[in-house]
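Me: I would like to learn how to read a fold from its coordinates. Can we take it one feature at a time?

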Amino acid sequence: MILDDFDSRPGSATSLLRTFVGSQLRQLGGWISSAQLVRIMEALGVPANGARSAIARVKSKGLLVPEVVNGQPGYRVHGDAVPMLESGDRRIFSFRQQREDDNWCLISFSIPESRRDARHQLRRRLGWIGCGTVATGLWICPASLKDEVLAILEDLDLQECATLFIAGSPETDRPLSDAAAQWWDLDRLRELHERFLAQHSAQVGPAASDAEAFARYIHALDQWRVIPYLDPGLPNSALPSGWPGQASLELFGRISRSLAARAHAFARSSVR
């Protein structure tokens, strides 16, 4: 399974390239010439040398594969990466907020020391999809994420080491919001939302050109796309007062409605 590279810092050349591939290239037939891809990256403010370095890294991660078409060297989206990109579409563009009466999923696992590398990968990837840590070997997430948890267990061949429980709202000796603050890093999530709001509130509105719309949209999408993974969309009762999640979600929606169509028009004209 090819995974998204969440270690890439949003705004970096590598992260911007992955965002372009995921949001635009599949809709353009899945192939782009090397020269066109460098020019696309230059439109995002990435110089040619930085673009080539980012392309090399993304290729090494398996997202792009070299392919010559009509004598032109270029790159195609790896077929094995499509499930990851489609999962990203659902997360990024269909952010799901858990309702108060929705179920939860508990993940209990015990992995032998001989498989400690797999145990480390499991913890890391559960964190990537927005799971919280209740205790060692016991994680929690909205039940809507169950299928993603099962896919991770299957990919790591850990099905026999874990048991999933679907349950109602947790009963604790304190408010659920206090417990959630222990299970998830809500301070980090708040910072991600607030940074997105601070940096992109001015991006709503018409762009002077398709090229400007493309740059503004890809940069905003690149920063936003990590948030719906790390933020599980907890119900209001599990969140502190003044939570900025809804505001940043609404801002991303306005940016998309304002810029996405013209951004894709620019991308389409750049690969002709």
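Me: Which residues of helix 2 are buried?

Reply: The general idea comes first. An α-helix has 3.6 residues a turn, so residues three or four places apart point the same way. Now the case here, in a predicted model. Helix 2 covers residues 34-43, and its buried residues are Gln36, Leu37, Val38, Ile40 and Met41. Gly45 follows helix 2 and has a positive phi, near 90°.

Me: Which residues touch the most other members of the largest nonpolar core?

Reply: In soluble globular proteins, nonpolar side chains tend to be buried together. Here the largest nonpolar core has 63 residues, and Phe20 and Phe214 touch the most other members. Helix 9 (residues 210-224) gives the most to this core: eight residues. A separate core has 18 residues, including Leu122 and Cys131.

Me: What does Phe214 touch, leaving out residues up to four places away in sequence?

Reply: Its contacts include Phe20, Ile40, Leu44 and Phe266. Ile40 is also one of the buried residues of helix 2.

Me: In what order do the strands of the open sheet lie?

Reply: In a regular strand the side chains alternate between the two faces of the sheet. In this sheet three strands lie in the order 1-3-2, with antiparallel pairing. Strand 1 and strand 2 are at the edges with a single partner strand each, so one side of each has no neighbour in the sheet. From one strand to the next, the twist averages 35°.

Me: How many bridges join strand 2 and strand 3?

Reply: Six, in the antiparallel sense. Leu64 has Val77 as its bridge partner in strand 3. The two strands form a hairpin with two residues between them, and Asn70 in the turn has a positive phi of about 50°.

Note on methods:
Residues numbered from 1 in each chain as written. Predicted model: local features only at pLDDT ≥ 70, side-chain atom pairs only at ≥ 80, totals over all residues. Heavy atoms only, no water. Core = buried A, V, L, I, M, F, W, Y, C linked by side-chain atoms within 4.5 Å. Buried < 20%, exposed > 50% of the residue type's maximum accessible area, 1.4 Å probe, protein only. Helix = DSSP H or I, 4+ residues; strand = E, 2+ residues; numbered from the N terminus. Contact = heavy atoms within 4.5 Å. Pairing = 2+ DSSP bridges. Axes fitted to C-alpha atoms, helices over the stretch in contact; angles between N-to-C directions.
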